[in-house]
Amino acid sequence: LNPKAALFFLAVVPGFVDPGQPVLAQTSWLSAVYVLVATLVHGAIVSAAGALQPHLKDPNRQRIIRRVFAMLLALVALWLGFATAR
């Protein structure tokens, strides 16, 4: 029910489907692989967050983490600016 996932499937999956083979079987297989990978990645994120929760609740660490992520976001913005400049 995620619109981004639907757009992903509409845009990307047809490039991996061989029209000479049964389309439904291929699409089902690709969808199953996508769900498996997404479940493993999200499960790992949730497990890591649960394991790190005691460390992340410390106010001093929260401040440091926020500053690090703010700097990383600024670096990504600068990189994107330089990469797309003409």
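Student: What caps the N-terminal end of α1?
Tutor: That is Asn2, with a side-chain oxygen 2.9 Å from the backbone nitrogen of Lys4. Keep in mind that this is a predicted model.

Student: Okay, and how many of the 10 residues in α1 are buried?
Tutor: One, so helix α1, which spans residues 3–12, is hardly covered, with buried meaning under 20% relative accessible area.

Student: Switching to rings: how many aromatic pairs are there in the whole structure?
Tutor: A search of the whole structure turns up three. One of them joins Phe8 and Phe9 edge-to-face, at 5.6 Å centre to centre and with 85 degrees between the planes.

Student: Which other ring does Phe9 pair with?
Tutor: Tyr34, again as an edge-to-face pair, with 5.1 Å centre to centre and 80 degrees between the planes. That pair links distant parts of the chain, since Phe9 sits in helix α1 and Tyr34 in helix α2 (residues 23–56), 25 residues apart.

Student: How accessible is Tyr34?
Tutor: Tyr34 has a relative accessible area of 35%, so Tyr34 is partly exposed.

Student: Which residues end up in the cluster, then?
Tutor: Phe8, Phe9 and Tyr34, linked by ring pairs.

Student: Let's zoom out. How many helices and strands does the protein chain have?
Tutor: There are three helices and zero strands. Along the sequence the pattern reads α-α-α.

Student: What is the radius of gyration, and what would a compact globule have?
Tutor: The protein chain has 20 Å, whereas a compact globule of 86 residues would have a value near 12 Å. As for the box filled by the C-alpha atoms, along the principal axes it is roughly 60 × 45 × 20 Å.

Student: What share of the protein chain is made up of buried residues?
Tutor: Buried residues account for 5% of the 86 residues.

Definitions and conventions:
Residues numbered from 1 in each chain as written. Predicted model: local features only at pLDDT ≥ 70, side-chain atom pairs only at ≥ 80, totals over all residues. Heavy atoms only, no water. Buried < 20%, exposed > 50% of the residue type's maximum accessible area, 1.4 Å probe, protein only. Helix = DSSP H or I, 4+ residues; strand = E, 2+ residues; numbered from the N terminus. Polar contact = N/O pair within 3.5 Å; in protein donor to acceptor, adjacent residues only side chain to side chain. Phe/Tyr/Trp six-rings, centres within 6.5 Å; stacked < 30°, edge-to-face > 60°. Rg over C-alpha atoms; globule rule 2.2 N^0.38 Å.
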